[in-house]
Amino acid sequence: MTTPETASPAAFGDAQSIANDVSSGTRTAASVVANHLDRIATHDGEVHAFNVVTAERAMDAAESIDQRIAAGEDVGPLAGVPVAVKDNMCTRGVATTCSSKILEGWEPPYTATVVERLTNAGAIVVGKTNLDEFAMGSSTENSAFGPTHNPWDLDKVPGGSSGGSAAAVAAGFAPVSLGSDTGGSIRQPASLCGVVGVKPTYGAVSRYGLIAFGSSLDQIGPFTTTVADSATMFEVMGGHDPLDSTSANQPALAVSSKLDAGVDGLRVGIITEMAGDVIEGIDADVIARLRAAATALEAGGATVGEVSIPSSVYGLPAYYMVAPAEASSNLARFDGVRYGLRVDGANTALMNTASRTGGFGPEVKRRIMLGTYALSAGYRDAFYGKAQQIRTKIIEEFTAAYEHFDVLLSPASPSTAFALGDKAADPMAMYLNDVCTIPSNLSGQPSMSVPFGVGDDGMPIGVQILAPLMGDVVMFQVAAELERVANATNEAGA
Amino acid sequence: MYYTVDRGPEVHEPSIPDAWELVVGLEVHVELSTKTKLFCGCANHFGSEPNTNVCPTCLGLPGALPVINAAAVTSAMRLGRALNCEVKPSVMARKNYFYPDMPKDFQTSQYDQPTNENGWLDTPAGVRINIERAHIEEDTGKSTHVGGDGRISSAQYSLIDYNRAGVPLLEIVSCPDIRTAEEAKAYVAELRGIVLALDVSDAKMEEGSMRVDANVSVRPRGSDELRTRCEVKNINSLSSLGRAIAYEAKRHISLYDTGDRPIQETRHWDEEAGRTRSGRSKENEEDYRYFPEPDLTPLVPSVEELEAIDASLPELPGAQRSALAEAAGISAPDAGLIVERGHSQFALDTIAAGADGARVVVHINNNLAGGLGELTPELFAGLVQMETAGDLTSTQTKTVLAQMVESGGTAADIAAAKGFEAMDTSELDGMVDDLISSHPDEWTRFCEGDEGDAKKMAGFFTGQIMKATKGQADGKVIAQILNSRRS
């Protein structure tokens, strides 16, 4: 299989090399940004990773960084690094749409904390990336502005909902990008696009400025081409934010600290339910790569065992009560009164209805109805209440598992990238894409997808590493080991 | 401190027929007067230009998040403790419904775990009204409907001011323990007194910083059933509260009398027409789909925090009334007005300076409604002593008092300047003897009681003589006669 021109991760170097070059004056931020903008202009017509490219702003920012560097200033660990931002994070003065008609053209008067922290560290926003509308989906086909294509095979999906951000990194449009993960929306597209994708511990990274889908599940994280770049992004973005009451009251976790430590003596557990036929529909080539990853870690000195998380099989149904319930409330504010689309009606209530009917796509409507139903009088205990019980049970089972293991392993996605249109008409088939990733959102634990080879179709496969709450450091430690093994294998193969 | 109190005219409750009993529960919203709003740093200020105290959070912009105002939580807990509530770990919850002046289309409130539960309040008349809960929530914005008759249904367009959106509220929900319109008014007045004593709100009904909704039903006297209730809104004063409840009760009774029955609904008090009007029907009670607010963490007060709150509570109106009643020898309800006006400490200081308590109370109630001016407790006590000694008649006293309020100065100087002198007292012997024989109990207390009792009774006899002589008698002479009869 020949690699298409659209796939070129780190086309102009990874974030670390760019920041080094820009800080040392080897390259200018302006040239780095111009390279990426050119590549976007050439190839994004095919990939459609971006809803908007902020070329002019990006060049202005790059010039300002170059001036500061020329003046001898230290502009930060991401000096001149282009970053693509998922279009559900607020950026002052730049349209933020959630890939929905209901927000088309809305320009927030403020910027999300994560974006502010990245740009304060020298990063440069090059555009806002496509997503499944309001982050609801696993293929980025539910976008009001058309689907994103997988850079490795344009007939296939990039995964979702952060498909635009995953594709942007795989396509070399930016060395790093931001996604949000409510049920797997970073890890699954990372797996399908062959890049690193991290969902930090809930509360480790501020959500301020992220347009909420399921508030108790949403977490922002990076897409990068290397584990080290993800660690840098995490450290820049993380740490307490007084504007987010659910952000942990502690400094950013030092996830770079153990990247070179290896895995000798670590205890690694494979989640039984996700490595066989307990949860149906996980492809054999995916499980084979998982086993290969475990073997590689064993070779590095880790002990490998299996552990059962029995309630994980109920994760999917529990998630499809909790997330839509919260979404039904979070998305109520899109009512045509203050911003976004307004469709006139004879009175306020009819205007609300017309605006929402015209502004939301079918998947968003489906989830609002599902969530409204789950919270309704007479049903709440049976649906929302029961789902919260499952959530508690899953947390207990993971807590027990971490008494015996430092990290757990599972697939990130049950399959490699599937063809555009394949599952678009079958919501249940689409929902099953998140079966391996959802339990971490319900429990709040950190997890990430690291590329580890390809499937029978030659498309990328990621392995998911899970760690206890605030155990992001050991998760990165293991990820770095898998990356070393994967790189060594690639070089040997090449 | 001087409070304007809208007590309303003394309405003698339009007779609810004896066969019926009124059942009322009140929901009182108190706006907490914190510097900033409940979930953001915007100013909590009444009367600013529309939409000037707003930010992404209180406008409910996508992506903005709430951060709870610790001062508002403290105020809520203080008010809860002052209402004898249990203050518990609590959880904010979302109450979901669509309304244009509610930016998020949900109200962040509390549901099954409110901050304050199971309290009570005693009215000045000694009636205990139980309080179910007092929970924290945010206020909405304010709509102005332009065109038509000013209501949303006929408006051409509506203007929304979000300055009030996110202002902290405490909603205090009473049990349906209130049995008369007067009791309802007394409950709200007492609650307002407590709020003012705690200084957690300015509690102005006319500005909407204190809002009262009344759940009204009636039942046959002697029954303990709870019949269909109507929630009456748009009540802007205490007198409206009394009239709205009385109107609504009579409406229910006449429905039952004609074989009909009220339907559960929200009704609006029409002040001009003096009646309630049907609002939205509550037959299909709105489903608010409450669930815990995921953007906020639970509120868990520490033991130290609760102890500090209890220690910070000032003397509340009930305790102030008891103290004043004790010192002045009057009943606790009679001390009510002075406490409401914030003059109880002044009264206590005047009594401590040697003035007769009952006279002090009478003067403050009747002659000092306009404020204290230049008056001090010491000067005031001097005046009251002259009055009780018979050196001034009550009319003269009133004149001197008015002058003292305006310019200060001692009673003696002002009386002298005005040429007031004590009156002839030749017939007092017989009057005192008559009084003694008609009040044997008081006489016994005067003769055999402790010093305080004797003093109190001396005041009593002096007062009676003063009353009979319309203030013409000389108090010193009365005292001499009383003492001569004791031995």
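## Helices, strands and one arginine

Helices (H or I, at least four residues) and strands (E, at least two) are DSSP runs, numbered from the N terminus. One such run, helix α15 (residues 475-486) of chain B, holds Arg485(B). This is a predicted model, in which local features need pLDDT of at least 70 and side-chain atom pairs count only at pLDDT 80 or more, while totals for chains, interfaces and linings use all residues. Residues are numbered from 1 along each chain as its sequence is written, chains are lettered from A and ligands numbered from 1 in the order in which they are written, and side-chain values use heavy atoms, with hydrogens and water left out.

Is Arg485(B) buried, exposed or partly exposed? Its relative accessible area is 31%, so Arg485(B) counts as partly exposed (buried means under 20% relative accessible area, exposed over 50%, partly exposed in between, with a 1.4 Å probe and protein chains only). Leaving aside neighbours within four places in sequence, Arg485(B) is in contact (heavy atoms within 4.5 Å) with Asp429(B), Asp433(B), Ile436(B) and Trp443(B). Arg192(B) is 293 residues from Arg485(B) in sequence, and 49 Å separate the two in space, C-alpha to C-alpha.

## Where the two chains meet

Let's turn to the interface. Chain A gives 39 residues to the contact and chain B gives 34 residues. Together the chains bury about 2700 Å², with 56% of that on carbon and sulfur atoms; buried area is the accessible area (1.4 Å probe) that two parts lose on being put together, summed over both. On the chain A side, the residues that lose the most area to chain B are Ser245(A), Arg333(A) and Arg338(A), together 22% of what that side buries.

How many salt bridges cross the interface of chain A and chain B? The rule finds 2, where a salt bridge is a side-chain nitrogen of Lys or Arg within 4 Å of a carboxyl oxygen of Asp or Glu. The side chains of Arg338(A) and Asp105(B) form a salt bridge, at 3.8 Å from N to O.

## Aromatic rings

Over all chains, the structure holds 25 aromatic pairs. Rings of Phe, Tyr and Trp (its six-membered ring) pair if their centres lie within 6.5 Å; planes under 30 degrees apart count as stacked, over 60 as edge-to-face and the rest as tilted. A stacked pair is formed by Trp20(B) and Tyr256(B), at 5.5 Å centre to centre and 15° between the planes. This pair links distant parts of the chain, with Trp20(B) in strand β1 (residues 20-31) of chain B and Tyr256(B) in helix α3 (residues 238-257) of chain B, 236 residues apart. Trp20(B) and Tyr256(B) are both buried.

Why is the pair of Trp443(B) and Phe461(B) edge-to-face? Their ring centres are 5.8 Å apart and their planes stand at 75°, so the pair falls in that class. Trp443(B) sits in helix α13 (residues 440-448) of chain B, and Phe461(B) in helix α14 (residues 451-468) of chain B. Both Trp443(B) and Phe461(B) are buried. In chain A, ring pairs link Trp106(A), Phe134(A), Phe334(A), Tyr339(A) and Phe360(A) into a cluster.

## A buried threonine

Thr6(A) is found in the segment before α1 (15-24) of chain A. With 2% relative accessibility, Thr6(A) counts as buried. A polar atom of its side chain lies 2.7 Å from the backbone oxygen of Pro151(A). Not counting residues up to four places away in sequence, Thr6(A) touches several residues, among them Arg39(A), His43(A), Glu46(A) and Pro151(A).

Definitions and conventions: Polar contact = N/O pair within 3.5 Å; in protein donor to acceptor, adjacent residues only side chain to side chain.
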